[in-house]
Structure formats: C-alpha cells, structure tokens
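Biologist: I am new to this model. Can we go through it piece by piece?

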Amino acid sequence: MAIPIWPITNEAINQAAQAIKAGGLIAFPTETVYGLGADATKGPAIARIFATKGRPAINPLIVHVLDVSQACQYAVFDDRARIVAHMFWPGPLTLVLPKTIHSLIHPLVTAGLETVALRSPAHPVARDLIKATGLPIAAPSANKSGRLSPTAPHHVAASLSEGVVAILAGGKSAVGLESTVLDLSGPVPAILRPGAITAQQLSAVLECDVLYDMAQPDSPKSPGQLLAHYAPSIPVRLGAVDVLPDEALLAFGSVKFMGIKGGGFAQDLPPDQFRNLSQTGDLIEAAANLFAYLNDLDNPAFKKIAVMNIPDQGLGVAINDRLKKAAGLA
Ligand code: TXA
Ligand code: MG
C-alpha cells in the first residue's frame, strides 16, 4: 500500500507527532534530505526504522533535537561542541559526542556505542515536529538502506512502501546532501562524513585543523561509512570527458565541447538521457540536484551513468564522496 503524503498543516504536524509518540514512523522534510523519524527513547520504534529501511543494526542513527539545551540531556557538550553548535545550529551539522550517564537515548539508536550523534535541523517542518512531540527524534534518511537518499516526498514514496504512517510534504530539500558528521568525542576533531558545512568552516571556528577521517577500515568511527551506499541500479562512471551513445550523462558546468563517442555532441542527447547538476558550475546548486538527478538517470535503458568531474573543494568534497559511493569506489 502506498504511504499517504500529507500536505503541511497544523493538523498534519499534530497527527504526525501523535503517531511518533505512539511508536510509529513518520517521514519528514529536513534541509538536507528527508528523514524517517521515530521516538529515539523507544526500542520497538527504533527497531521499526531498521526493519523498514533494511538497515544493518551496527549502523547508528542521528538524533534530531531543537537546540543545545535539549541536546545536553543526551550528550556531554564541551567548549568545542558549544562553539560549533552556536555557529552552525540549526543546520546541516551533526555532532558525535559522549552520551550522558542517564541519557534516555535507546541503545539501538547508538548501536551500543558510548557516543551519540545529534543534529538540530533548520527546516521549519522538522522543527515543528520535534516541538510537537517534545521528544528526541531518531531519523536516518527515508530510503531503503544502500539506495539514494530522498530529497523530495515522491522519492520517499518510491523507496518505501510500508511501515510508515505518513510522509510530511515539505518541498524539495534545499541542501540535498546529508549533514556533515563531526566527531568531537575525542581530543582531535574529525569529519566522519563530509557535507555542506566544510572542513575549512569548522577549522576557522575551532581554530585548529579539522581533518577528514572517512576511511577507517580497522576501527570505523562512523560505521555507516563502511556500508554500501547511494548506489543506483546501473553502474556509475566518474571523470567522464566524453559520453558513449548508450550512456546517460550527469554533467557539471558547460558541455559545449563534450562529444558523444562515434559522433555528435552531448547537448543533443535526448532530455531523459542528460542532466546538468549546474550549468554555471555552482556547487551549492549541484549538491541540491545530485540525488534527484542520479535518480532520474537511473534507468536500465542506459548502460551506465557517466559523470563529469566536480572540483574537489568546499562542498565539492561532499559531492565527490557521494559520487564515489554511487560508483562503488568508497
Ligand atoms: O542529513 C542528515 O544527517 C540526515 C537527515 C535525515 O537529518 N540523516 C542521516 O542519517 O543521514 P543516517 O542515519 O543516514 O546517517 C547517520 C550517519 C551514519 O554514517 C552513521 O554511521 C553516523 O551518522 N553515526 C551515527 N551515530 C554515530 C556515532 N555514535 N558515532 C559515529 N558515527 C555515527
Ligand atoms: Mg542514509
């Protein structure tokens, strides 16, 4: 049965809050991607998230809160955590922090770790939902595990078919990539997942180097990073400088001089075979379009999705991280 999609009204938010309080699942918009939310203090509700997504239970979830004062009930904030939260919350930044001794967050959420990942989302619907429940809301992206993250209500409806009370329809996600995950549980800050808040921004605010720490084969700090992720059903070919006639093209910037092998130009490809993340080479626009366009081109009529290079700077680091995962290279 199709999951109902609810337009945003006070009534819809209150009904969604009631469903979460009763242990149900609600898909809701955030500025990064759509989340699949449940009461983070209730084991059965959290178990339902893992079952609905087909997500391995070793991969802990992010807990969504309104602000630092709510977050302090569940995690220990040191000066660094306060400073970055003050600068970037609400927004696309998740903090991994030590759990408080009496943290009410259920151990299934944290996969038994001593740390918890917390984020204060900026999307008004996410904020109203948290407010209306008065609860911490655990929410991974609202898609089947290992598939593209949803950036619009219809992506959620196409990925999940049961076990969800409703999808709150809050428009297209403005950022389009999952939040930056910053580990502040140890002495050295480390980015476990790149996102819209960049290493440069964090290092300027923390006044120290902030490094990317995405591959930790022996002791994964962010278990989710090791799992297959964001994979379209057809292969992805990175670094494309031309395109084969049976490939779809995911472009970035100008395609004026890009050829189709065997003859012709990329700009003449049929519309369903071609998407441009940003004609002007704008990384913010490209991030917002990434998952939707990969999804559009994920069509068995094509042999592969050929992807043009994205500069590996600023937000480009996060875009390239997701593209490498889509290509099975990370
Ligand atoms: O933008 C986002 O963060 C979205 C929206 C819905 O807020 N949520 C999201 O959640 O992407 P999810 O569950 O798909 O990603 C959680 C990431 C995983 O890579 C997981 O391994 C990491 O956060 N994580 C969660 N708790 C952790 C912890 N205690 N220590 C280290 N990594 C953790
Ligand atoms: Mg996810």
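**Loops, fold and cores**

Biologist: In which loop does Glu-207 lie?
Modeller: Helices (H or I, at least four residues) and strands (E, at least two) are DSSP runs numbered from the N terminus. By that count, strand 11 covers 211-212. Glu-207 lies in the loop between helix 7 and strand 11.

Biologist: What kind of model is this, and how are its parts numbered?
Modeller: The model is predicted: local features need pLDDT of at least 70, side-chain atom pairs count only at pLDDT 80 or more, and totals for chains, interfaces and linings use all residues. Side-chain values use heavy atoms, leaving out hydrogens and water, chains are lettered from A and ligands numbered from 1 in the order in which they are written, and residues are numbered from 1 along each chain as its sequence is written.

Biologist: Is Glu-207 buried or exposed?
Modeller: Buried means under 20% relative accessible area, exposed over 50%, and partly exposed in between (1.4 Å probe, protein chains only). Glu-207 has 72% relative accessibility, so it counts as exposed.

Biologist: What is the phi of Ala-111?
Modeller: Ala-111 sits in the loop between strand 5 and strand 6. It is partly exposed, at 29% relative accessible area. Its phi is positive, in a residue other than glycine, and lies near 50°.

Biologist: How many helices and strands does the protein chain have, and what is its radius of gyration?
Modeller: The protein chain has 9 helices and 17 strands. The globule rule (2.2 Å times the number of residues to the power 0.38) is compared with a radius taken over C-alpha atoms. The rule gives 20 Å for 330 residues, and the chain comes close to this, so it is as compact as a globular protein of that length; its radius of gyration is 20 Å.

Biologist: What share of the residues is buried?
Modeller: The C-alpha atoms fill a box of roughly 65 × 50 × 35 Å along the principal axes. Of the 330 residues, the buried share is 55%.

Biologist: Which residues have the most contacts inside the largest nonpolar core?
Modeller: A nonpolar core is a set of buried Ala, Val, Leu, Ile, Met, Phe, Trp, Tyr and Cys residues joined through side-chain atoms within 4.5 Å. The largest has 44 residues. Elements giving it two or more residues include helix 4 (79-88), strand 5 (93-98) and strand 6 (115-119). The residues with the most contacts inside it are Phe-77, Leu-95, Leu-118 and Leu-182.

Biologist: What is the relative accessible area of Val-307?
Modeller: Val-307 belongs to strand 17 (residues 304-307). Contact means heavy atoms within 4.5 Å. Beyond four places in sequence, Val-307 contacts residues including Val-236, Leu-250 and Leu-323. It is buried, with a relative accessible area of 1%.

Biologist: Which peptide bond is cis, with omega near -10°?
Modeller: Look at the loop between helix 4 and strand 5, where Pro-90 is found. The cis bond runs to this proline from Trp-89. It is Trp-89 to Pro-90.

Biologist: Which residue with positive phi follows helix 5?
Modeller: Helix 5 spans residues 124-133, and its buried residues include Val-125, Leu-129 and Ile-130. These buried residues pack against elements including helix 1 (10-21) and strand 8 (166-169). After the helix comes a residue with phi near 65°, Gly-134.
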